[in-house]
Amino acid sequence: MDNKDYVYLSHINKSFNDFKASCDVTFGAAKGALTALLGPSGSGKTTLLRMIGGLNHPDSGEIIIDGRVINALPASKRGIGFVFQNYALFRYMTVEQNIGFGLEVQKKSKEEIKKSVKELLSIVSLEGLEKRYPHQLSGGQRQRVAFARAIANNPDVLLLDEPFAAIDAKVRRELRSWLRDIVKQVGITSIFVTHDQEEAMEVADRIVIINEGKIEQVGTPEEIKEHPATDFVKDFIYLT
Amino acid sequence: MSDVRQELKKIIKNDSPGVIPGFGLLLGITLTMLTLIVLIPLASLVIETAQIGSLSDFISIVTDKYMMAGYGVSLFCSFIAAVVNTVAGVIIAWVLVRYDFKWKSFLNGIIELPFAIPTAVAGIALTSLYCDTGWIGSLFTKIGIDIAYTKTGIIIAMIFVGIPFVVRSVQPVIEKFDVEYEEAALSLGASPASTFFKVILPELFPSILAGFGLAFARGIGEYGSVVFIAGNIPLKTQIAPLLIMAQLQQYNYAKATAIALVLLVISFALMLAINGLQLYMQRFTAGSDNMSGISKKIEPFDDTGKRPAREHTLIAVASLFLFVMLIIPLLVVATYALRDGAAAYAEAIFDEYTLHALKITLIATVFAVVINTVFGVIAAVLLTKYTFPGRGIIATLIDLPFSISPVIAGLIFILTFGTIGWAGPFFERIGIKIVFAVPGIVLATVFVTFPFVFREIFPVLNAQGRHEEEAAALMGAGGFTIFRKITFPHMKWAFAYGIVLCAARAMGEFGAVSVISGHLRGKTNTLPLHVEILYNEFNTSEAFAVSSILVIMALIILIVRNVLEYRIKANEQMIEEERLAADKE
Ligand SMILES: Nc1ncnc2c1ncn2[C@@H]1O[C@H](COP(=O)(O)OP(=O)(O)O)[C@@H](O)[C@H]1O
Ligand SMILES: [Mg+2]
C-alpha cells in the first residue's frame, strides 16, 4: 500500500450466487487524483464501485479509506459521494431540493442549505434552474445536478459510475474536460467507472484495467499505452 | 380505468382499422352487448329521474335529512376505511416485496379473500365476531366500547372489502422500483426512515392514490357486508345504498332513483378527481424511464445477517392485520357452522331451499361467466388489434359497472324491466317475467361482473402488439384461425384468470341480486340471499352452514387464482427473457 493511497482495496472477493464478480482485487486511489476503473461491460467495475460506496459488501477483503477499515460502516455513514449511471435524481424534487437533500437529512439549517445550494449551482453552472424538475433538464444538465448533489456534503471521496454513458457523443467530450477541471478544483479523491478506453486515457491520472472480475493492469495512461501488461490489455486498448 | 386508457394510447397509431380480418363483426358484437347490458339499463336511471318533474322536487328528495345523514355515513366511514387500508396496504405490499419470511406466500395468497368471499357471508361473520357476545366484540364491550351497530362496525366491514385494492396497486410498483433511488439517498446520509418518507413514498404516491380511490369508491357503494353490522339506525348508521333499498321496499322508485343518481355522481366525481391527480403526477415521470424492471435487493450493511428490528415490526404488523381482518372471520364461519354438530350442519346444507338456492346461484354464475367471457375476449381483441376512433370511450364504458354500487345495478334493471319500467309492459305481453324472477338475477349478475374478463385479457393482448396477427393476415389466414392459432395462446392464462375472478364475483353477488330477486324462497333465492334470510330469522347456525359452502367455493377459487397468477408471472418472465435475448443479438 502506497502512502499516498487515500482509498485502498485489499484482496476483495465478491460473488453473486455462483458468479464471481470480483476476484482478489487489490488497488489504491491517490488523494486528490482521478482513478478510472476500465473494462468491458460485465467485468465487475460497478460492483467494485458499489462496494467502496457501501452499497454491496465484499465476501472477503478490506476496504480502507484514510487508513481506516470501513467494511462495517453503512453507506449512509461513509461520507462518500456517489453519481449513479442513470443519475437516480429524485423525480419529485426540484433541482434545488435534489442538491440540498444530503444537507437536509443532516439537519442543517435552512439558510445554510440555501447558501450551499447556491454555491454548488454556480460550481456546476446551473444558476437559474433551481426550480426545475429533473424531467425538464437535458442529459448534461441532469448529470451536473447529480454531481452537485453528490458533492454537497463535502465528501472525501467521489464515486462516478459511467458518468458520460447516458450523454450524446457531441456533449460528452466537453463534459470530460469539465469533470476533470472541476474535480481538480474541488480537490476530491475520485474514482470513476468506464468501458471507453479513450475516455479513461483522457480523464484519469491512473487507470485500473479489469476483466472478468480480475485486475489486468494498474498504471498511468502512458504506462498502459506504452507497456500493456497482458494480451487482453493490448487488445482492449488498441482494438476498441 | 385510467390504466386501460393509457395502455390504449400506447397502441401504434394507424389510419385504417388494420389488415386483420373481422373488424366489423367484432365491433358490432361489442357495441350491441355494451348497449344492451350497460347503456340501456343505465339510461333508465336518467329516464326515471326525469319523471320526477321539477328540479325542486328532486332537490328536496335528495337533500332530505335522512338522505343527507346517509351520504354522510357512507362517505365518512368509507373515507376512514380507505385511509386505514392505505396505511396497512402500503406496509403489506412493502413487506411482501422486500422481506423474506416463512408465511409470506400464504399472506400473499389470501389478499384477494375479500373478493372471493360473498359480501353477505362477510357481513354475518363480521357481525357475529364484533357483536357484544362475539370473540372480539365481547373484549371491547368489557371496556365499554360497542363495535357492532355503530359507525366503527361499518368502518370495519368497509376495511374488510377494501383490503386488496391498495396492496395490489402498490405491490407491482415496489417490485419494479429502482433501488438506486434508495441507494442515492443512503449515500447522501439519509436514514432508512427519511429515505422512505422523502424518496420512496413520492414514487409510490400515484399507485397509492389509485388504490385509495378504488377502496373509497368500493366502500361508498358497498352493501352486503355492511348492512348486517350497521344495525341501520336512522340518522346514525344508515348507509346510502341502504336508503335506496329502503325506498325500493316501499316501491318508492322515484325516490330510490334520485338517491341512486346522487350516489353515482359522487362516485364518478371521485374517480375523475383521482384520475386527474394521477395524470398530474405523471408529468414528473414523463420522459425519464427510471424503473429498471430488475428488482434488486438492498444489501444489509453489515455481515451479521440479523434482521433489523424495524423489519420484524413491519412483518408483525402486516401479519397481525391480515390475521385479524381475514383469517378470524373465516374461523367464525367454520366454528358457527359446526356449532350444532355435524348432523345439523348436513341438514342445513341438504335442505331443499338451500339446494334450490345453490342451483340458482350456479345458473347465474354460468350465464355471467359465459356471456362476459365471450364479450371480454371480443372487446379485448377489438380494442387491441384494430385502430379506430372512440376506443378510449368504449374502454371506459366497459369499466363503468365497476364503480356502480350493486344496489344501483339492481335498481336499473327494475327501472327497465319492472312493471313501472319502460320495457316492462312489452315483456309482460310476451309472457317473460324478468324482475323478481331468474332472468333478472342473471341480468344483474352479468352486469356487475361485466368488465372482469375484459380487464384481465386487455393488458396482455396490448403488450403483445399486433405484428403476429398482421403477418398471419397477410399470409391469407382467416379471422378465426388467427385468433385460435395466434391470439389465444398469448392470452390463455389471463383468460382463465378473468374467468375465475368473474365466477367468484358472480357467485357471491348480493346487493344487485337482492334488489331484483323479490326474495321468493324456493324460487328466486341465490345462496347469499338464502344466507341473509336464515340469519335474519335467527337461524344463525344454518346461515353459517350455508355460508360455509360459499367459503369453500371461495377458497377453491383463491387457490386456482394463485396457481394462475404463478403461471402468468412465469409466462411474462419467459417473454421478457426472450426479448432480452433478442435485443442482445
Ligand atoms: N445484484 C446482483 N446480483 C447478481 N448478479 C449481479 C448483481 N450485480 C452484478 N451482477 C453480475 O455481476 C457481473 C458484473 O456486474 P457489474 O459490476 O455491473 O459489471 P460492469 O459494471 O463492469 O458492467 C455481471 O455479470 C452482473 O450480471
Ligand atoms: Mg456497470
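I'll start with a loop in chain B: B:Phe538 lies between helix 26 (527-536) and helix 27 (540-584) of chain B. Keep in mind that this is a predicted model. Phi of B:Phe538 is near 65°, a positive value, and the residue is not a glycine. For background, most residues other than glycine have a negative phi. Is B:Phe538 buried or exposed? With 9 other C-beta atoms within 10 Å, B:Phe538 is exposed.

A:Asn154 has a positive phi of about 55°, although it is not a glycine. You will find A:Asn154 in the loop between helix 4 (139-151) and strand 7 of chain A. A:Asn154 is exposed as well, with 12 other C-beta atoms within 10 Å.

One more item from chain B, then we move to chain A. Helix 18 of chain B covers residues 391-399, and B:Ala395, B:Leu397 and B:Ile398 are buried in it. Why do the buried residues of helix 18 of chain B line one face? Seen down the helix axis, they fall within an arc of 165°, so they line one face of the helix. The general point is that an α-helix has 3.6 residues a turn, so residues three or four places apart point the same way.

Now the domains of chain A. The domain assignment gives domain 1 as 1-74 + 157-240, and domain 2 as 80-154. Their C-alpha centres lie 24 Å apart. How many residues of domain 1 of chain A are in contact with domain 2 of chain A? There are 18, and they meet 13 residues of domain 2. On the domain 1 side, helix 1, strand 7 (157-161) and helix 5 (169-186) of chain A each give two or more residues. Strand 7 of chain A has the largest share, with 5 residues. By type, that side of domain 1 of chain A divides into 14 nonpolar, 1 polar and 3 charged residues.

Strand 7 of chain A also has a partner strand. Strand 6 and strand 7 of chain A pair in the parallel sense over 4 bridges. Within that pair, A:Val83 has A:Leu160 as its bridge partner. Both faces of strand 6 (residues 80-83) of chain A are covered: A:Ile80 and A:Phe82 are buried on one side, A:Gly81 and A:Val83 on the other. As a general rule, side chains in a regular strand alternate between the two faces of the sheet.

Which strands pair with it? Strand 3 of chain A runs parallel to strand 8 (residues 189-194) of chain A, over 5 bridges. There, A:Leu34 stands opposite A:Ser190. Strand 3 of chain A is also joined by 4 bridges to strand 9 (residues 206-211) of chain A, again parallel. In that pairing, A:Leu38 stands opposite A:Ile209.

Next comes the loop between strand 3 (34-38) and helix 1 of chain A, where A:Ser43 lies. A:Ser43 is buried, with 23 other C-beta atoms within 10 Å. Leaving out residues up to four places away in sequence, A:Ser43 touches A:Ile210, A:Asn211, A:Glu212 and A:Gly213. A:Gly81 is 38 residues from A:Ser43 along the chain, and their C-alpha atoms are separated by 23 Å.

Chain A also contains an open sheet of 4 strands in the order 2-1-4-5, with antiparallel pairing. Its edge strands are strand 2 and strand 5 (68-69) of chain A, each pairing on one side only. Strand 1 (residues 5-16) and strand 2 of chain A pair over 8 bridges. One facing pair is A:Lys14 and A:Ser22.

Last, the ligand. Where does ligand 1 lie? Ligand 1 lies between chains A and B. Around it are 12 residues, of which A:Phe16, A:Ala21, A:Lys45, A:Thr46 and A:Thr47 come nearest. Strand 2 (19-30) and helix 1 (45-53) of chain A each supply at least two residues of this shell. Helix 1 of chain A has the largest share, 3 residues. The shell around ligand 1 divides into 3 nonpolar, 7 polar and 2 charged residues.

Definitions and conventions:
Residues are numbered from 1 along each chain as its sequence is written. Chains are lettered from A and ligands numbered from 1 in the order in which they are written. This is a predicted model: local features need pLDDT of at least 70, side-chain atom pairs count only at pLDDT 80 or more; totals for chains, interfaces and linings use all residues. A residue is near a molecule or strand if its C-beta atom, placed from the backbone, lies within 6 Å of it. Ala, Val, Leu, Ile, Met, Phe, Trp, Tyr, Cys and Pro count as nonpolar, Asp, Glu, Lys and Arg as charged, and the others, Gly among them, as polar. Domain bounds come from an automatic or database domain assignment. Two residues are in contact if their C-beta atoms, placed from the backbone, lie within 7 Å. Two strands pair if DSSP finds at least two bridges between them. A residue is buried if 20 or more other C-beta atoms lie within 10 Å of its own, exposed if 12 or fewer, and partly exposed in between; C-beta atoms are placed from the backbone. The arc is that of the directions from the helix axis to the C-beta atoms.
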